[in-house]
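Here's a quick tour of the model you have open. Take a look at it first, then read on.

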Amino acid sequence: MHLFYENIAPYMVKFWMGAFFKDSALNSEPYVLDNKQWSEIGQEMEAVKKSIPTDFGRPPRNILLHHNGYKAVEWASWIMLYSLPLLKGRLPEHYLRGWSYFVKAVCLCQKRKLSAQDQDDIKNFLLEFYNHYERYAFCIICHQKSH
Amino acid sequence: MNGMHFALFVIKKVINLLTHHLFPSDYYQYSKDRLSTMKISFHYLLHVADSIKNTGPCWATWQFPMERVCGMLQPLAKSRLHPYKNLINKVYLLELFNDLRFFKDVHERVFPSTSPKEYKKHLVYFNEDYEGEFSWPSQPYTLNASEVKKIKSHFSATENVAGMKLSVCILTSIVRFYESILTVHFFF
């Protein structure tokens, strides 16, 4: 779970903030949200603070300001609760779908009991996300699997 | 790989390249400059499912307990010159305190037992169906002069009395207020 919360999620946020590469030319991609959009997201997270049920864990912190100090639990709730609704309409559809595979896999990993179906789903969702990330020859892998 | 398979392979590769050029929009994009996107952690994602299969669900092997222990150990190391020695001594000392409970008389002297705080009966709410009970937070409070003045003016306005009768009026109001709290307590 360290992998999901402390590695992947911060990397992806860095991508979307346009801060992943040192070379800024590589950062100008359609998946980058500008500063205004991020501050809107942060404000929405701040605004919902008072009304979030305690059952959902810690109230969310402004991700633009505090993403460096985020705890694992906060990343967990960012992945599972806040990322998809907040990024919807801001991130292009294509990237949102790719990210949603990861979200689904993390949600399944949180379960206390995993059925065989769940395990297969985790594997497939993570593979989907990985392929989306890398854009590697998915067809070839399918082809090899069919043998 | 026979000829047919090879043809299929090539077709799929071509399709893939085409889609790649039509939608050239992912994170790695197969380009040399963007090689730094392929961090090892993204590769680890592919092993998650297998490790779940081998070692059980995520909660069985996740990092949270270990991080908790690290969080306990970190403040123990105070020395900058000899942090490890310092840490070992501190842990050893704490363990000694843990063992102290096997020597009852010494333990009593070091950690004298304190009786739990007792609440007055009207401050405790309990129900036959539950084992636990609620204790209401309470604290003696004396009003200062300005507060008394404000309360007096409030009651003289609401109860429509003035002057001498006021003190009696306040008393009855407070009693009434207290009663309402009591009913809240017992018919919660």
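Two residues count as in contact if their C-beta atoms, placed from the backbone, lie within 7 Å. By that rule, 31 residues of chain A are in contact with 32 residues of chain B. This is a predicted model, where local features need pLDDT of at least 70, side-chain atom pairs count only at pLDDT 80 or more, and totals for chains, interfaces and linings use all residues. Residues are numbered from 1 along each chain as its sequence is written, and chains are lettered from A in the order in which they are written.

Helices here are DSSP runs (H or I, at least four residues), strands likewise (E, at least two), numbered from the N terminus. Chain A has eight helices and zero strands.

Now for the inside. A residue is buried if 20 or more other C-beta atoms, placed from the backbone, lie within 10 Å of its own, and buried residues make up 25% of the 147 in chain A. In helix 5 of chain A, the buried ones are E74(A), W75(A), W78(A), I79(A), S83(A) and L86(A). Their cover includes helix 1, helix 3, helix 4 and helix 6 of chain A. Just after helix 5 of chain A, G89(A) takes a positive phi of about 85°.

Notes
A residue is buried if 20 or more other C-beta atoms lie within 10 Å of its own, exposed if 12 or fewer, and partly exposed in between; C-beta atoms are placed from the backbone.
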